[in-house]
Amino acid sequence: MNKLKEIPIFFTVDDKYAPFLGVAMQSLVDNASDENMYIINIMTTAMNEENRAKINKYERENVKILYHDVTDLANNIKDKLYTRDYYSISTYFRLFIPNMFKQYDKALYLDSDIVILDDIANLYNIDIGNNYVGAAPDDVIATEQIFRDYAEKVVGCSSYKTYFNAGILIMNLKEMRDNDFENKFLHLLDTVKYYVAQDQDYLNRFCKGRVTILSTDWDRMPVNPDKVNDRDTLKLVHFNLAFKPWHFDNIPYQEYFWEYANKTEYIDQINEIKNNFSEEDKIKGDESHKKLVAYAKLEIACVGDDRIKK
């Protein structure tokens with residue numbers, strides 16, 4: 001009997017996001033192939049036994065779930081890290097995967113606010129050569145000129161089109177280790193502060209010139225209505241930022257979220273979250289976006305611009 005190919009996958013999550021991890025896991029196992037062994041690594045500082053029991057039900061003969069307590073890591077770096085709004089310190093944990101998991105030379109990192117519509121092994125199998133990461137351009141950055149300018153002027157990308165979203169990553173862990181990624185990241189934390197996309201900005205700065213740009217079919221955000229009717233090519237939907245079907249109605253691609261959410265033990269909890277999402281919460285979301293734009297404008301104003309004007 002042939003040995004199954006291992007597909008290492010990482011999530012960072014806490015109890016608050018466990019219901020959405022459940023939806024992601026449901027979609028992952030529903031589209032998994034019997035030819036692969038999926039190793040699900042969950043990095044967490046707070047996940048209770050009830051949530052672990054629910055998530056563990058997604059184990060199969062070829063789906064293994066492992067938990068990694070990163071409380072000590074969080075305590076060691078918390079004073080260095082900036083977070084805002086609904087973000088938590090866990091968003092930075094992906095940056096420590098290369099050195100923490102030296103048994104892997106390559107892995108996937110996935111945010112939990114996703115649904116997977118294809119075998120995730122097909123993403124893992126994309127060859128990224130000696131690049132640090134494979135990732136898709138960030139659809140949100142592309143929608144507003146202020147964010148385009150931020151990506152180019154502040155983060156330093158040659159074009160906003162090469163600024164990638166860090167929620168879906170193919171990670172070349174060996175290459176990152178060989179190039180002392182973690183120590184360089186910790187140095188950047190002490191010398192540079194990014195207030196807009198935080199760890200994503202750090203990754204874009206560090207990985208410039210070492211990125212395999214992927215199709216947005218592998219990281220589709222619900223920000224472009226023109227792309228809604230392309231199910232034949234769509235592989236993964238990422239409900240990034242405020243585009244949450246568990247908060248709002250009429251979110252593009254919401255039908256895929258509810259298709260898988262309705263199969264989970266979390267469906268009642270998710271419906272309760274949606275029903276309790278108040279007008280005040282919606283206002284906070286609008287204010288968060290305005291704050292993001294203000295941060296970007298301020299950062300841009302602090303940097304000269306020698307780009308050729310067209």
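Which helix is largely enclosed by the rest of the structure, and why? Helix α10 (residues 199-207) is, because eight of its nine residues are buried, meaning under 20% relative accessible area with a 1.4 Å probe and protein chains only. This is a predicted model, in which local features need pLDDT of at least 70, side-chain atom pairs count only at pLDDT 80 or more, and totals for chains, interfaces and linings use all residues. Residues are numbered from 1 along each chain as its sequence is written, and side-chain values use heavy atoms, leaving out hydrogens and water.

**Around α10**
- The buried residues of α10 include Asp199, Tyr202 and Phe206.
- They pack against β6 (133-135), α7, β7 (168-171), α9 (181-191) and β8 (211-213), with contact taken as heavy atoms within 4.5 Å.
- After α10 comes glycine 209, with a positive phi near 80 degrees.

**Nonpolar cores**
- The largest nonpolar core has 52 residues, and Phe164 and Leu169 have the most contacts inside it; such a core is a set of buried Ala, Val, Leu, Ile, Met, Phe, Trp, Tyr and Cys residues joined through side-chain atoms within 4.5 Å.
- Helix α7 (residues 145-155) gives the most to this core, six residues.
- Among the residues that phenylalanine 164 touches, leaving out those up to four places away in sequence, are Leu169, Gln200, Leu203, Asn204 and Cys207.
- A second, separate core of 51 residues includes Leu108, Leu214, Ala261 and Tyr266.

**α1 against α12**
- Pro19, Phe20 and Val23 in α1 meet Gln269, Ile270 and Ile273 in α12.

Terms used:
Helices (H or I, at least four residues) and strands (E, at least two) are DSSP runs, numbered from the N terminus. Buried means under 20% relative accessible area, exposed over 50%, partly exposed in between (1.4 Å probe, protein chains only).
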